[in-house]
Amino acid sequence: MLNQLWRHTPAQSSFPANMLAIRSGRPETLTLRDIIESFVRFREEVITRRTKFELFKARERAHILLGLVVAVTNLDEVVKLIRGSSSPAQAREKLLEREWPGDQIRPYIQLVEAVEPQKAGEVYRLSEAQVKAILELRLHRLTALGRDEIAGELEGLAKNIGELLEILANRARLYEVMREEFDEVEAEFATPRRSELAPAADGIEDEDLIEREDMVVTVTMGGYIKRSPLAVFREQKRGGKGRAGMATKEEDAVTTLFVTSTHNPVLFFSNLGRVYRMKVWRLPEGGPNTKGRPMVNLLPLAEGETISTVLPLPEDEAEWGKLHIMFATAHGTVRRNSMAAFTNIPTAGKIAMRFGMSAIEDVETSDDGDEQVDPTDRLIGVELLTEGDDVLLATRNGKAIRFMATDVREFQSRTSTGVRGVRLQPGDEVISMSILHRVGTTQEEREAYLKCPPWRERDDVECSLSDERYAELQENEQFILTITENGYGKRSSAYEYRRTNRGGQGITNIDTSERNGGVVASFPARQGEALMLVTDQGKMIRTTVGDIRVMGRNTQGVTIFRVAENEHVVSVAKIEESEEEEIEIEGGEEIAPVDDAIVGESELDRPADPEPE
C-alpha cells in the first residue's frame, strides 16, 4: 500500500530539469557536474574581472591622493607658487616642473606604479591628474583634520590594493572570496527546504516501487536485448498461429529467450572474463514488435569486449550458494565456482575469470593468483550445473572431451585461472562448452543401445536391451550437433562420447578433413529447434535440426551450407523462430495446454549420457 501511495500520489515526486545551456558560445546539454563546473568557472572569471577593475580604480584614486599628500605637506610653498603665477595655466606648469621631496610618500609609490610608473627616488614629480586635483582642492582640506583624512584614506587604499593583488595572485584566496559571496547570497535569499531529497521515503528504494511481474527477456545474435511482459503473449489453443516475439533485422535473430521476474538479477559474462549484473526491471522494455537496445549501450564494455553469455538467476541470493557455475576458456582452462562468489557485483563490473597458462603447462594455479599471464586467451562459455552433470569441451580440430563436473574442484576465488580441462595440440583451441546430464547406466548398456538406436535404420541387428530399458534410454538420449567452417555438419548421440578424466586430449568429435575444415560450433540440439549459420561474407541460412542426419561420432557429416570458394562459416546459433506459421489441426476440437506444461522445454533439462553404476 505504501508503494502504491508513493507511486500514484504527489507524496513523492520527481521534477525534470532542462540542462541545456550555452557554454563557450555553443548550446550544450550538460550534466549536473558540468553545470556546476561551468558556473564555478564563470564566477571565477567574474571575480577576476571585477577585481582588476576595482584595482585600477583604487590605484587611480591613490595616485590622486599622493599628489594631495605632497600638496598639504608642502602647503606654504605650493600656496606661494600659485599666488606668484599670473594665470592658472602658469601655476599648472610650475607645479608640473617642480620636484618635491618624496620621503613621506615613498611607502605608497610602489602600490600606485600601475597607474603612472615612477621610481621611488629622493624627489617626486606631480602628474597632470595630481596637479588638477591640487588646483581644485578646497580650503577646508588644508586644515590638520583634512590632512589626517587624506592620509587615512591613502592608507586604506594601500591596504585594499594589497588585498586585490593577493586575490589575483592566489587562486585559493579567489575561491575564498567566491565562497563568501555564495554564503551571502544564501543568507539573503535562501528559504528553508520544505521537502527532502532522498532515494526513497521510509527506506523505499526504486526497486520496491517496481511491481513484481513475469517478463520475457530476449537476446539476439547481434547483441540486442529487451524485456516484454509475459501477459502480452496471450495463451493460444493448440495449433494456433503463434505471434512474433521480437522485431529483428534481416541478418539478426533471437538466440536466447527466458522467462523471469522483474526483481530477478541477470549476469552478463564477456569474452574478456568480466561479469556485469543488472536487474530485469532495468532492461529496456518493449512490445513484441520492438527490436530492443544494444547491450553495449547498457553496460560499460571496453573496446572489443562483447557479451558471450546471459545468465538469469534467482532473486534470493541466499539460494545462489546451492548453484555451481563452470567457466571454460579458448586455451582449454576450466574452473568451477559456487554462485555465492558473484553476489556483489558493482555497476562497472568485475573480473569473473583470469586467463592463465594452466592449459599449456600441466599445473593447477592458485586461488589467489592475481596476475593476468595470458592476455591472448578469452572466455568462450559459462554454464550453470550440478555435481551430477558432465562437461563436454569441443575443439576446433575436431576433438572433444567429456568429464565429470566434480573432476574440477570448487574454487573459492573468482580471480583464479582454473585448471586444465583439455590438453590442446599446437594451433588448436576450445570453441564450445556444453553441460550434459546423466542417469545411472553401464558402458555395456550404452554400447548395446548404439547398435540398434531408433535413428539408425537397421533391421538385421537384434537389440539385447529390454523394451523398458530401451525406451528409457531413447527418452533420455541427447544429441551433439557439430558444424565445420566449410558448411558440413552432423548430429551424434551423446552416448558415443565416453566419459574420461579431465586434462586428456579427448576423442574424435568429427573428421576435420580438408573438405570439412575446422569446427566452428558444437552443442546439444534437439528435434524441432532452428539454426542460423553465418559466413564471413555476410551470407546466412536458416535451417532446422531435424534436417541434419544423425551419424556416428567419427564421421565427416553432410552438407548443410554450400559455401563459395574462400567462404567459411564463422558463426552458428540456435534461434527462436518468430514467423507466424499456420498449423493445421487434424480433426477433433482445439484444446488448451495442460496445466503446468512447459513450452519450449530444452533438451538440457533431460538426462542424457548415463553414469556407470
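The entries below cover the helix packing and then the rings.

I worked from a predicted model, in which local features need pLDDT of at least 70 and side-chain atom pairs count only at pLDDT 80 or more, while totals for chains, interfaces and linings use all residues. Residues are numbered from 1 along each chain as its sequence is written, and side-chain values use heavy atoms, with hydrogens and water left out.

Entry 1, helices. I looked up helix α2 (residues 32–73) and helix α6 (residues 128–135), which pack at an angle of about 55 degrees with their axes 8 Å apart. On the α2 side I found the contact (heavy atoms within 4.5 Å) to be made by H63, I64, L66, G67, L68 and A71, and on the α6 side by A129, Q130, A133 and I134. These contact residues divide into 7 nonpolar, 3 polar and no charged.

I noted a count of 7 aromatic pairs (ring centres within 6.5 Å). The ring centres of F269 and F327 are 5.7 Å apart and the planes stand at 70 degrees, so this pair is edge-to-face (planes over 60 degrees apart). F269 is in strand β8 (residues 265–270) and F327 in strand β12 (residues 324–329), so the pair ties together parts 58 residues apart in sequence. F269 and F342 are also edge-to-face, because their ring centres are 6.2 Å apart and their planes at 75 degrees. F342 lies in the loop between β13 (333–338) and β14 (350–351), so its pairing with F269 of β8 ties together parts 73 residues apart in sequence. F342 is buried at a relative accessible area of 0% (buried means under 20%, with a 1.4 Å probe and protein chains only). I recorded F269, F327 and F342 as one aromatic cluster.

Notes:
Axes are lines fitted to C-alpha atoms, for helices over the stretch in contact, and angles run from 0 to 180 degrees between N-to-C directions. Helices (H or I, at least four residues) and strands (E, at least two) are DSSP runs, numbered from the N terminus. Ala, Val, Leu, Ile, Met, Phe, Trp, Tyr, Cys and Pro count as nonpolar, Asp, Glu, Lys and Arg as charged, and the others, Gly among them, as polar. Rings of Phe, Tyr and Trp (its six-membered ring) pair if their centres lie within 6.5 Å; planes under 30 degrees apart count as stacked, over 60 as edge-to-face and the rest as tilted. Buried means under 20% relative accessible area, exposed over 50%, partly exposed in between (1.4 Å probe, protein chains only).
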